[in-house]
Amino acid sequence: MSKLGMAISISRSSSISPLHKFLQRVSRNSYGNTKKRNSVCCNPSELSPTQLELSFCIGTHLIPHPRKIEKGGEDAFFVSNCNGGILAIADGVSGWAEKNIDPALFSRELMTNVSNLIEDEEVNYEPQILLKKAHAATLSVGSATVVVAMLEKNRILKIANVGDCGLQVIRQGKIYFSTSPQEHYFDCPYQLSSQVAGQTYLDAVVSEVELLEGDTIVMGSDGLFDNVFDHEIVSIITRFNDVAEAAKALATLANNHSRDNNFDSPYTIEARRRGYDIPLWKKVLGKKLTGGKLDDITVIIGRVISSP
């Protein structure tokens, strides 16, 4: 089973430069990823007789920027049960709207190409090569941050990310692994772009994590991680057994925080740390830089289960 989701929405204008950003539409689903699938790139790994194969039970939820609801947002995602499972998010960089270019077109086409290439022999279940070929096949003008994760039946999760879409592995109520965002400067992340001078698959951070049954994968666009603290993510993941409900709860919390001008979000805390601040007259009134960051919010939850 595969699912391709996409949308057109926008957060605040993100810098286009060396690359771009993202958004999405509201949607929810969950399903058990237990069906085995044989294909050119999805050959089961050799396992010892005592080691169970692993796969994902997946839930997704997307909420677009409040000013982009009618368009659906600018994020796009893809999930599949190929081999152990594939999860991917692309966040269209909103700065392209200033050039009268729909930022959603690039992220949508990029994810469509990812879905078309997962069984390509040259990809060979390597997320970095998948990004290479999907990027090369994307003809739309624009750019996007992106993260792709591929679970092999030997329990190894392979991850490639460019920019500030992120992934966390939660194990026994703690964050066991987390990707790190890449940026040129504050609020201008690395991006795969239609421009010749830009990042490529070679700039992706590639990681591998050995998973255990019961681990939970949390993947999101920066609309999630800019508005929700790590301890809040862990709290929700441990509170919900149903992955669809967990994805909805995380996206809803991020959306609520993004609209709260008094919430001291991870984004504004980082902005202050980087030296950004409010006008002096507001300081005189005792105010400080606070609030969430309005944005498209995409959340994918993958709970690791044993395959029959």
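1. Start with the turn between strands β4 and β5: this hairpin has four residues between the strands, and one of them to look at is N83, which takes a positive phi near 55 degrees. Strands here are DSSP runs of E with at least two residues, helices are runs of H or I with at least four, and both are numbered from the N terminus. Keep in mind that this is a predicted model, where local features need pLDDT of at least 70, side-chain atom pairs count only at pLDDT 80 or more, and totals for chains, interfaces and linings use all residues. Residues are numbered from 1 along each chain as its sequence is written, and side-chain values use heavy atoms, with hydrogens and water left out.

2. Now follow β5 (residues 85-92) itself. Eight of its eight residues are buried, where buried means under 20% relative accessible area, exposed means over 50%, and partly exposed is in between (1.4 Å probe, protein chains only). G85, L87, I89 and D91 point one way, while I86, A88, A90 and G92 point the other way.

3. What does β5 pair with? Strand β4 (residues 75-80) runs antiparallel to β5 and is joined to it by six bridges; two strands count as paired if DSSP finds at least two bridges between them. V79 stands opposite L87 in this pair. Strand β6 (residues 143-151) is also antiparallel to β5, with eight bridges, and there D91 stands opposite T145.

4. Next, the helices. α4 (residues 230-239) and α5 (residues 243-258) pack at about 150 degrees with their axes 9 Å apart. Axes are lines fitted to C-alpha atoms, for helices over the stretch in contact, and angles run from 0 to 180 degrees between N-to-C directions. From α4, E232, I233, I236 and I237 meet A246, A249, L250, L253 and H257 of α5; contact means heavy atoms within 4.5 Å.

5. Have a look at D215, in the loop between β13 (205-210) and β14 (216-220). Is D215 buried or exposed? D215 is buried, because its relative accessible area is 2%. A polar atom of its side chain lies 2.8 Å from the backbone nitrogen of L212. Leaving aside neighbours within four places in sequence, D215 is in contact with residues including V169, R171 and R303.

6. Last, find Y201 in the loop between β12 (192-193) and β13. Its C-alpha atom is 9.8 Å from that of Q191, ten residues apart along the chain. Not counting residues up to four places away in sequence, Y201 touches Q128, L131, K132 and L192.

Note on methods. Polar contact = N/O pair within 3.5 Å; in protein donor to acceptor, adjacent residues only side chain to side chain.
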